[in-house]
Amino acid sequence: MNFQYWHPQMEKMDRTELQAFQLGSLRKTLSGALKTDFYGRRLAEAGIAGADSVKSLDDIKRIPFTTKEDLRSAFPYGMLAVSREDVLRLHASSGTTGVPTTIYFNRNDIASWTGLVARSIFSTGCDSRDVFQNMITYGLFTGGLGFHYGAEEIGMFVIPSGSGNTSRQFRMMQDFGTTVVHATPSFLLHVESRMSEEGVARDSISLKRAFAGAEPYSEDTRRRIEELLRIDVFNSYGLSEMNGPGVAFECQCKNGMHLWEDAFLAEIIDPDTLETLPDGESGELVLTTLLREAMPVLRYRTRDITAFYTEPCPCGRVHRRIRRIKGRSDDMLIINGVNVFPSQIEDVVMGIKEAGNNYLIVVEKDGFLDRLTVKTEVSAGIFKDDDARPLNALRENIRRTLQNSITVNPRVELVESNSLPVSEGKAKRVLDKRPKDI
Ligand code: DLL
C-alpha cells in the first residue's frame with residue numbers, strides 16, 4: 001500500500017518526541033485553563049497553582065476529571081480562556097438537561113481543527129482530485145463545518161449538500177462525479193436502499209470512499225455498506241467537546257482509528273473505579289485538549305467505551321489506534337447521529353400538565369434509519385371523551401415541544417394512564433430495540 005501523510009513530521013515522529021511535545025502542550029493548556037473561572041477554581045482546589053506543577057505526563061492524574069455536567073454548569077462562558085472578541089465561532093451539542101454544551105474556537109483553534117480533519121481525510125488516500133459530498137448536518141453540529149474546512153484545506157471539490165433530501169443526494173453524485181461522501185452509517189444505508197428503489201445504477205456514480213461516524217456501528221454494518229455501494233468505508237470518531245470530528249480516524253489500513261495524540265492526551269479508565277487501565281484493556285476514554293486555546297478541556301470523561309490497540313499500525317503513524325466504540329457508560333442515546341439524553345425527554349413530558357406520570361422511550365430501526373417513539377400516558381379522564389381533538393392537540397403539543405428540545409422528530413403515542421409497565425426497582429424508561437452487534 002502507498003501511504004500518504006498530510007503532516008508527516010507530526011504523524012511519524014517517534015514516541016519520545018511525541019511525549020515531549022505533549023508535555024509542553026499540556027503545560028500551555030494548563031496555563032490557559034487557569035485563566036478560566038471554572039478551572040481557576042477547580043485546579044486551585046486540586047492544589048495545582050501553575051502550569052509547572054505538572055512535571056511529567058503522569059502528573060495528569062492529579063488533575064480532576066471534567067464531565068458534561070461541568071460544561072453545562074459553566075455555561076455560557078465559565079470555561080472561556082480568551083476574550084470574547086477573540087472567539088471566531090461556537091458549536092454546540094445537547095446537554096443532559098436541555099442546556100447545551102457550547103464549544104468556542106478562536107482563529108488558531110479553527111486552524112488546528114482544520115489541520116486534524118485534513119490529516120484524517122488525507123490518511124484514507126483522498127487528495128485534491130476528489131469530489132467530496134458532505135451529507136451531514138451543517139449548523140451547530142460539528143460534523144458539517146468540521147469536515148467542510150478539512151476537505152477544503154486539502155483542495156478537494158466540496159459539495160456542502162447537508163443531510164436529508166435523499167434523491168437529490170444521488171442526483172448530485174451523478175451530476176458532479178462525487179468520489180467521497182461523509183455521512184452517518186445509517187444515512188449511508190438509507191441512501192443505498194433509496195438508490196436501489198429508484199433504480200439508480202451503481203455505475204452511474206463514481207463513489208470510491210465514505211467517511212462514516214458520529215454514531216456507533218458494527219464491523220458488519222461497515223462491510224454491508226462497502227459491499228452494497230462497492231466503496232471503502234472509514235470509521236471517524238469525534239465529539240464536540242474535543243472540536244468535533246478529527247479526534248480519531250481510520251487510515252488506509254482500516255483497522256482501528258488513529259487518535260491524534262499531538263492534539264489530545266488520551267487515557268482509558270475504569271468508569272467505576274476511575275483507575276487508569278493498561279494499554280489494551282477496555283474502558284472509558286478520557287481526553288485532554290492539547291492545542292485548544294479558546295476553550296481548553298482537561299481530562300474529559302467521554303463516556304465512550306473503547307481500548308487501545310497495542311501493536312503498531314503498518315502505515316507508520318506513531319499515534320495509537322482505538323477500537324470501534326463499543327458503547328457508552330451513560331444513558332445517552334444517539335439517534336441518526338444526534339445525541340439525545342432521556343432526561344431531556346422527561347423534562348418535556350413532565351412539563352406538560354395533561355401528560356400522565358409514566359412514559360416510555362422506544363428506539364428502533366425503520367429501514368436503515370433510527371426511529372424514536374415516545375409513549376406517554378395521559379391524565380385520567382381525557383380518554384373518556386368521544387371528542388378526539390383534545391388528544392390530537394396534546395399529541396401535537398408533545399411532539400412539537402420534544403422536537404424543539406432534542407432536534408429529532410419523534411412519534412408520540414398517547415396511552416391510557418397506568419397502562420405502561422411499572423418496574424419495581426429503577427424505572428426502565430428506554431427500550432432500545434436496535435440490533436446490538438458491535
Ligand atoms: O458526533 C462529532 C462527529 C461528527 C464525529 C462527524 C464523527 C463524524 P457529538 O455530537 O458531540 O459529536 O457526539 C459525540 O458521538 O461521544 C460518541 O458517543 C458518538 N460517536 C461519534 N463518532 C462515533 C463513532 C460528533 N465513529 C458522541 N463510533 C461521541 C461510535 C461515535 N460513536
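Which residue in β13 is the bridge partner of M257? The bridge partner is I322. The model is predicted.

**Ligand site**

- The ligand is surrounded by 22 residues, of which the closest are N235, S236, S240, D304 and N339.
- Two of these closest residues, D304 and N339, also make polar side-chain approaches to the ligand. An N or O atom in the side chain of D304 is 2.6 Å from an oxygen atom of the ligand, and a polar side-chain atom of N339 lies 3.0 Å from an oxygen atom of the ligand.
- The backbone takes part as well: a polar backbone atom of A214 is 3.1 Å from a nitrogen atom of the ligand.
- The protein buries 98% of the 610 Å² that the ligand exposes when taken alone.
- Three elements each supply at least two residues of the shell around the ligand, namely α6 (142-154), β7 (232-239) and β8 (244-250). Of the elements, β7 gives the most, with five residues.
- In terms of residue class, the shell around the ligand consists of 11 polar, eight nonpolar and three charged residues.

**Second largest pocket**

- The volume of the second largest pocket is about 360 Å³. Its lining comprises 20 residues, and those closest to its centre are L265, A266, E267, T276 and R320.
- Both α2 (15-34) and β10 (264-269) supply at least two residues of this lining. The largest share, four residues, comes from β10.

**Four-stranded sheet**

- β10 also belongs to an open sheet of four strands, whose order is β10-β11-β12-β14 and whose pairing is antiparallel.
- At the edges stand β10 and β14 (327-328); each has a single partner strand, so one side of each is left without a neighbour in the sheet.
- Within this sheet, β11 (residues 283-289) and β12 (residues 300-306) pair in the antiparallel sense over four bridges. V286 stands opposite R301 in β12.

**Eight-stranded sheet**

- A further open sheet has eight strands in the order β4-β3-β5-β6-β7-β8-β9-β13, and its pairing is mixed.
- Its edge strands, β4 (157-159) and β13 (321-322), each pair on one side only.
- β13 runs antiparallel to β9 (residues 257-259), to which it is joined by two bridges. The opening question concerned this pair of strands, where M257 has I322 as its bridge partner in β13.
- This sheet includes β7 and β8, each of which supplies at least two residues of the shell around the ligand.

**Cavities**

- The model contains three cavities of 30 Å³ or more.
- The largest cavity holds about 60 Å³ of space. It is lined by L71, A74, F75, P76, Y77, G78, M79, L80, T102, Y104 and M295.
- Nine residues of that lining are nonpolar and two are polar, with no charged residues.
- The second largest cavity holds about 40 Å³ of space. Its lining is made up of S112, L116, N243, A263, F264, T289, L290, L291 and R292.
- By class, the lining of the second largest cavity has five nonpolar residues, three polar residues and one charged residue.

**Local backbone features**

- The peptide bond from F75 to P76 is cis, with omega near 0°. P76 is found in the loop between α4 (68-73) and β1 (87-93), and both F75 and P76 are among the residues that line the largest cavity.
- A214 has a phi near 80°, which is a positive value in a residue other than glycine. A214 is found in the loop between β6 (209-213) and α9 (219-229), and a polar backbone atom of A214 is 3.1 Å from a nitrogen atom of the ligand.

Note on methods:
Residues are numbered from 1 along each chain as its sequence is written. This is a predicted model: local features need pLDDT of at least 70, side-chain atom pairs count only at pLDDT 80 or more; totals for chains, interfaces and linings use all residues. Side-chain values use heavy atoms; hydrogens and water are left out. A residue is near a molecule or strand if one of its heavy atoms lies within 4 Å of it. A polar contact is a pair of N or O atoms within 3.5 Å; within protein, one must be able to donate a hydrogen and the other to accept it, and residues adjacent in sequence count only if both atoms are side-chain atoms. Accessible areas come from the Shrake-Rupley method with a 1.4 Å probe; for residues, only the protein chains shown count as cover. Ala, Val, Leu, Ile, Met, Phe, Trp, Tyr, Cys and Pro count as nonpolar, Asp, Glu, Lys and Arg as charged, and the others, Gly among them, as polar. On a 1 Å grid over the protein atoms alone, a cavity is a set of points where a 1.4 Å probe fits but cannot get out, and a pocket is an open set with protein on both sides within 12 Å along at least five of seven lines; lining residues have an atom within 4 Å of a point. Grid points are joined across faces, edges and corners, and a volume is the space filled by probe spheres set on the points. Two strands pair if DSSP finds at least two bridges between them.
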